[in-house]
Amino acid sequence: AHAFPADDVVTRAMKSYEKRHYNEAARRLRAENASIEQGKKGTADLLLGMIYFKTAVLHRGFYQTAVVTSEDYLKRLSTAQGQDRSRFADLYFGEALVESGKAGAAGVPLKKFSSNGNVEARYRAIAKISLGLSYYRSNQSPKATELWKGADTSDPEVKAELAAAYSKAGLMDKHPSVVVEGILSETR
């Protein structure tokens, strides 16, 4: 191992950053933070912020690629016919459409799933909650509110999905975190 002077930490981290070795650069800066001289602390903090930003951009790209890939896969599963077809394909496809910003298109598979009498009531309720979120994101909040009011929240999983929908919709007046805390208290 080579010995570097303490004031060279920022330079070495910058070289790792330039090579797109973000984790290595961040790890180096955090590990050797105490040895960075006071005059270079600002530069080190700025570099650490740049590293975290680039890492976030990278992971956002991964997420967007995964959403498109899974949406395509779920669409194929949803359109499949026969006895081997998963009953949950429509639910997952509808949820993926809502998450990818295609809320208007999510209605068809979510309605199809929620009207399936062969599926447990709690999963049909979850589909209706997702359908409500698709309505809300399509600027049809009265329809969303109606679906959400009709949800049977006696099941903790349904209640958690409703809290998640409130959170995703930005309805903080519905106190989604308090609802989740209540679910956690009940399960304990």
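1. Tyr17 is a buried residue with a relative accessible area of 14%, where buried stands for under 20% relative accessible area, exposed for over 50% and partly exposed for what lies in between (1.4 Å probe, protein chains only). Tyr22 likewise counts as buried, at 12% relative accessibility. This is a predicted model, in which local features need pLDDT of at least 70 and side-chain atom pairs count only at pLDDT 80 or more, while totals for chains, interfaces and linings use all residues. Residues are numbered from 1 along each chain as its sequence is written, and side-chain values use heavy atoms, with hydrogens and water left out.

2. The structure holds six aromatic pairs, a pair being rings of Phe, Tyr and Trp (its six-membered ring) whose centres lie within 6.5 Å, with planes under 30 degrees apart called stacked, over 60 edge-to-face and the rest tilted. The rings of Tyr17 and Tyr22 have centres 5.7 Å apart and planes at 55°, so this pair is tilted.

3. The rings of Phe88 and Tyr123, with centres 5.1 Å apart and planes at 90°, form an edge-to-face pair. This pair links distant parts of the chain, since Phe88 sits in the loop between helix H3 (41–79) and H4 while Tyr123 belongs to helix H6, 35 residues apart; helices here are DSSP runs (H or I, at least four residues), numbered from the N terminus. Phe88 counts as buried at 18% relative accessibility, and together with Tyr92, Phe113 and Tyr123 it forms one aromatic cluster.

4. In the largest nonpolar core, which has 28 residues, the members that touch the most others are Leu91, Leu110, Phe113, Tyr123, Ile129 and Trp148; such a core is a set of buried Ala, Val, Leu, Ile, Met, Phe, Trp, Tyr and Cys residues joined through side-chain atoms within 4.5 Å. At least two residues of this core come from each of helix H4 (89–99), helix H5 (103–114), H6, H7 and H8, and H6 gives the largest share, eight residues. Apart from this core lies another, of 13 residues, with Val10, Tyr22, Ile36 and Ile51 among them.

5. Trp148 has contacts (heavy atoms within 4.5 Å) that, leaving aside residues up to four places away in sequence, include Ile129, Leu133, Tyr136, Leu162 and Tyr166.

6. Asn139, in the loop between helix H6 (121–137) and helix H7 (141–149), has a positive phi of about 60° although it is not a glycine, and Asn139 is exposed, with a relative accessible area of 72%. His175, in the loop between helix H8 (156–169) and helix H9 (176–187), has a positive phi near 55° and counts as partly exposed at 47% relative accessibility.
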